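Thanks for coming. Please have the model open on your screens.

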Amino acid sequence: MNSEEGSLKGRIEAILFVAGEAVAVRDLARALQTGEKEIRETINNLKDEYDFEQRGFILKRFGDKVQLATRPMYSGDVVRLLQPVQQQSLSQAAMETLAVVAYKQPVTRAEVEQIRGVKCDYSLQSLMLKGLIREAGRKDTIGRPILFCTTDEFLSHFGLEDLNGLPPMPQPENAEMEKEAEELIP
């Protein structure tokens, strides 16, 4: 049986399994020589099957990309088997830097530093090495500074399908007091 004779579900599974990372629906459609609508329908069917059967993996979506991932309820078993080196969590500085990039992207280093009020070279470099942010081009201004944005790894790490899943920006306490004061003034 050649690849054209295999089921579309099986062919999608094979690609996602081998890719190991999120794959765009358009790329699946091109590789499998079928329409994006048919790919989306098949992906939805696979997701429903995996969820109904409580399979060891799930289909995760990141915008218009899809990826196979370990079902969270089974992740402890995988960790015990592989005994990975303890991953170092993000420092407070890195988390603050990542939050600024996530909410303001694309953003330059200088803009991040202006918001945080401190230098952030190390945090940006660390986040890039972890694959949570990437260069997104250059700003069309003097010096053409690098623009940073988040990655699919960022979405995966925080369990988001897209950036719309970010919680709303918290309002600073002063802004809330100013708003209350404005409401009291006739």
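On one side of α7, Y122 and L129 are exposed, meaning over 50% relative accessible area, where under 20% is buried and in between is partly exposed (1.4 Å probe, protein chains only). Helices here are DSSP runs of H or I with at least four residues, strands are runs of E with at least two, and both are numbered from the N terminus.

Before going on, the ground rules. This is a predicted model, in which local features need pLDDT of at least 70 and side-chain atom pairs count only at pLDDT 80 or more, while totals for chains, interfaces and linings use all residues. Residues are numbered from 1 along each chain as its sequence is written, and side-chain values use heavy atoms, with hydrogens and water left out.

Back to α7, residues 121–129, where S123, L124, S126 and L127 are buried. Those four cover an arc of only 165° around the axis, so they sit on the same side of α7; the arc is taken from the directions from the helix axis to the C-beta atoms. What do the buried residues of α7 pack against? They pack against α5, α6 (109–116), β5 and β6, with contact meaning heavy atoms within 4.5 Å. Just after α7, G131 has a positive phi of about 80°.

Next, the α5 partner. The axes of α5 and α7 are 9 Å apart and meet at an angle of about 75°, which makes α5 roughly perpendicular to α7, a label for angles of 65 to 115 degrees, with under 35 roughly parallel, over 145 roughly antiparallel and the rest oblique. Axes are lines fitted to C-alpha atoms, for helices over the stretch in contact, and angles run from 0 to 180 degrees between N-to-C directions. From α5 the contact uses A93, A94, T97, L98 and V101, and from α7 S123, L124 and L127.

Now α6. V112, E113 and R116 are buried there. Their arc is only 95° around the axis, so they share the same side of α6. The buried residues of α6 pack against α5, β4 and α7. Just after α6, G117 takes a positive phi of about 80°.

Last, the sheet. Three strands form an open, antiparallel sheet in the order β4-β6-β5; strands pair if DSSP finds at least two bridges between them. Helix α5 (residues 92–104) lies across β4, β5 and β6, at about 90° to β6.
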